[in-house]
Amino acid sequence: MNLSLLTLELGVIGLALALLLIDLWTPPALTGRLGLAAAIGLLLILALSWNMSGGPPVVGCGGMFARDGLALFFKRLFLAVGVLVVLMGVEYRERLALGFGEFNVILLIALAGMMFAASANDFVLLFVAMELMSVSFYVLVSFQRSRLPSLEAGVKYLILSALAAAFLVFGIALIFGVGNTTNFAALNAEGVRLAQDKLYWLGLLMVLLGLAFKIAAFPLQMWAPDVYQGAPTPVTALLAIGSKAAGFVLLLRVLFVAAPVLAAHWSKLLMLASAVTILYGNLCAIPQRNLKRLLGYSSIANAGYLLLGVAAVNASGAAAVLYYLAGYLFTLAAAFLVICVVMRDNEDIGALAGLSRRSPLLAGALALAMVSLAGVPPLAGFLGKFLLFRALIERGAAESPESFRSYWLAGVAVIGVVISLYYYFAVIRVMYWAKDPPDLSPIIVPARVQIPLAVCLVAMIYLGVMPGAVLAGATEAVKALKF
Amino acid sequence: MEPVFFYIFAGLTLLCGGLVIANPFTRNPVTSAMFLFLTILSMSGLFVLLHAFFLAAVQVLVYAGAVMVLFVFVIMLLDLKEEERRRMKLAAVVLGAVATGVIALAMIGAMRHSRVGLGLESNVAEGSTIALGKNLFANFALPFELVSLLLLVAMIGAVLLSKKDLR
Amino acid sequence: MKTLDQIFVLTQHWLTGLAPAALQPLVSMLLIIAALMAVFGTCFALTTILERKTLGRMQNRYGPNRVGPFGLLQPAADGIKMLTKEDIVPEAADKALHFLAPLALTAPVWLAFAVLPFGRNMSAIELDAGILFFFAIGSASELAVFMAGWSSQNKYSLLGAMRAIAQMISYEVPLVLASVPVLMAAGSLSLPEIVRAQSGYALGWIPRWNVLTPWGAAGFGVFLVAAAAESNRCPFDLPEGESELIAGFLTEYSGFKYALFFLGEYLGLFAVTGLGVTLFLGGWHAPASWLEWLPSWGWFGAKFSALIFLFIWMRATLPRLRLDQLLNFAWKFLVPLALIDLVAAAAWLKSGGWQFAWALETRWLLCATLLAPAYVCLGRHWRGGTPKPRRYHYAQ
């Protein structure tokens, strides 16, 4: 086993174990510092990841673990999420009521699971990485065990995740039964022979079902709103960004590394799932009054948009997915940071009334995040959607002229975007134009929130205005995939 | 002889598995647990037929010995009267039957044209403990080690979520 | 001497040869099963009388001495009494489970004897994963205890079963962990293979039994304690604590079913003792080369009897533990010690190739420095100063 391949992951795991031990001897008053230390550690590992870029793709650890551009792109993404979420956790500390040290540890281990997922080149590693994430999230979601919604969310997540894992493992078993291997590269080498076997199709379909749970896409999207609402806010953020991104990198790897032969056949299926997901998420988000629940439905809708890029089955689609996820990261992180600070016990949208006067910075940040999510230029969300749609149109142009499937789907997605404008702007309206807000006391924003918030805002605008560098990186990264 | 045993064990597995989730005679969770135990035993019988003695023993040791006992422990701690009074809901039965039917049909349809098992003969020897161990510690070392991390998380989580007094 | 050593094997072959060829595998199996049942059935009867006699002597009284010469026919009298007693099933009991529980306890234990090597060439089946098979079988008894406790619909039964299961799953961990170093040393999961690995003599006269290595001694200690707890022997017999729980999960059993439970418990003890002999005491190997002319099964029997006697002695000597002490002892002392023992065994095996003078002594020192401080520290930590009175969360 070549350990130098695993430097970043080992770093995160080592950080987690060190925190677990240090926490033993840390007085409760200082645990906040421990959170900051974790964030700094993650930042260092993030910096280290630039040292690792370049070089040809390497596959190691018995062909399980791939280090290529795609893996590195996603690992940076996860590390960035990690920093933001750990800082969010520091802000959220008092509300956790128990074991803040362990909270950080489990969070970091979930992060390590995601990073392993980004490099998975074998169904066994895929499954173990997924379970590492899932088990961590079972604990994290129900962390506020004295709060009933948190426990309810935990149980819901546990049961549905177990169902998804059952599908996943059954699918892997079928694939192994037919292909006699679980390695992505080996399966791809046998691709043409395996594609004739319907049992292989069934196995892969079940794997996709298992992944659909992680990204909260139709038909396994039901859990998202309840769990997002009940979980502690930093955990919701990690679920919404990290878990989803991990699901997508696995989806890309399974479809375009293990089974590129079948991926083209399944474009139709993915398009259907995408259309239903977009419509379901956007339509159900309209009546929501709870902001986290609304973001849960919005996350379903966004999974739908991201699926557009996968359904396009081309390099520009996959690159658009990567770009969109990067933008989505900073947008959602900004939103959840604001939620973390403002919504202490009331998560109703009404609680935002008068935020523009209580703290212009927070109101501005949340407004910008909502605008970006709605896809208004010149922010990251707009460009991401634009790239996804463009990839889909490209796909439509490449197909036979009679087939208007891609155009239909693009139409559905545009309708979804129009619907979403309504509920995103409802949030902004409450912040700026609410009639007689009940509470106008100013909110003091600590520096540990101001700095990440500023980073998120700058990144959101930067990605929207100057997408060149990140898009180039994404295009480079998807060269690991075969279309 | 072996096909006969296969059908006996497979039949038992399916029958007992069915009785775990939908027992028409009683809604008693203990009965379900006992049938789950039988399911696990018959499954380990299937492993024995594949000459995978290690897996058969581990199946019984882990699932029957550890997991089932924990189930049973929880059952003992709970008040089961309410659970027993709950009737089977028609909608749930129908939905479950439909879902099972769809998956079964898909499986049968896929199996009919599949050539499963071709080239699997070479793996029979891996039922032996040594081959399994070598595979686990050489080719699959990374996931194997990761599982230890998973267990650590599960342990921390279990302690955190169930500890009586928290500081 | 060869003939005497192999006499049971030869007899079995001869008897099998008498049967028609088609039936030979079946007859061979039946013969082994019959022999095992006869030997350990007798063992059970003898142990009950031996136990009562020994306990009596140790407590300054005679013990049973009325039935037959020296009271030797007492087991027969007990058996007849048990068989003729009325079988009472509580009205509220879950009839099927109540009936099945004693069977579920006794039947699997018989299977465990199948993998034990009682002498040279004397194991019923040579399984590749024999020891795992043994532990897998052992885990069935927990379910049987649950069935007994739960189906009786009696709170004492239920409490007893809960205690018993908590105890069994806790002590199964050190039991298995203590056996792992032996597997590492032998490089096999098969019990005959483990015995073979303990043949020969170090320095020409010390038998290569695992118990005579530092890690083996520590492992044997952990194993013995865990084995006593696994088979609900005193001082770990609080699932049946008469003074507080009447008879635990046995409360609602009478007559033959009660006898079956007893049979099951004793057989479980025999099985785990046999495993201990196999894993740590060199199985059927003689302790010195000039004693090798004695038959191998005789040596197994001698070691086996000595261990059984040790268990009886322990019962007479030690007072019963409290439940929280019991569980703490398993998790906070035995499990960590077994884990450190694993490390010590690894060090011992890794240093097996050392060739320099005093190599053996250095290895001893190395392993002892790993184990001894751990033993002392864990013991101190576990005792944790003056014992505090137990808080009963639900009773007060």
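Into which domains is chain C divided? Chain C comprises domain 1 (1-84) and domain 2 (88-323), with bounds taken from an automatic or database domain assignment.

This is a predicted model, in which local features need pLDDT of at least 70, side-chain atom pairs count only at pLDDT 80 or more, and totals for chains, interfaces and linings use all residues. Residues are numbered from 1 along each chain as its sequence is written, while chains are lettered from A and ligands numbered from 1 in the order in which they are written.

The centres of the two domains of chain C, taken over C-alpha atoms, are separated by 18 Å. Their contact (C-beta atoms, placed from the backbone, within 7 Å) involves 20 residues from domain 1 and 21 residues from domain 2. On the domain 1 side, the elements giving two or more residues are those tabulated below; helices are DSSP runs of H or I with at least four residues, numbered from the N terminus.

| Helix of chain C | Residues |
|---|---|
| H1 | 2-5 |
| H2 | 7-18 |
| H3 | 24-58 |
| H4 | 74-84 |

H3(C) supplies the largest share of this side, eleven residues. By class, the side divides into 14 nonpolar, four polar and two charged residues; Ala, Val, Leu, Ile, Met, Phe, Trp, Tyr, Cys and Pro count as nonpolar, Asp, Glu, Lys and Arg as charged, and the others, Gly among them, as polar.

C:Ala76 lies in helix H4 of chain C. C:Ala76 counts as partly exposed because it has 13 C-beta neighbours inside 10 Å, the limits being 20 or more for buried and 12 or fewer for exposed, with C-beta atoms placed from the backbone. C:Ala45 is 31 residues from C:Ala76 in sequence, with a C-alpha to C-alpha distance of 7.9 Å.

Notes. Contact = placed C-beta atoms within 7 Å.
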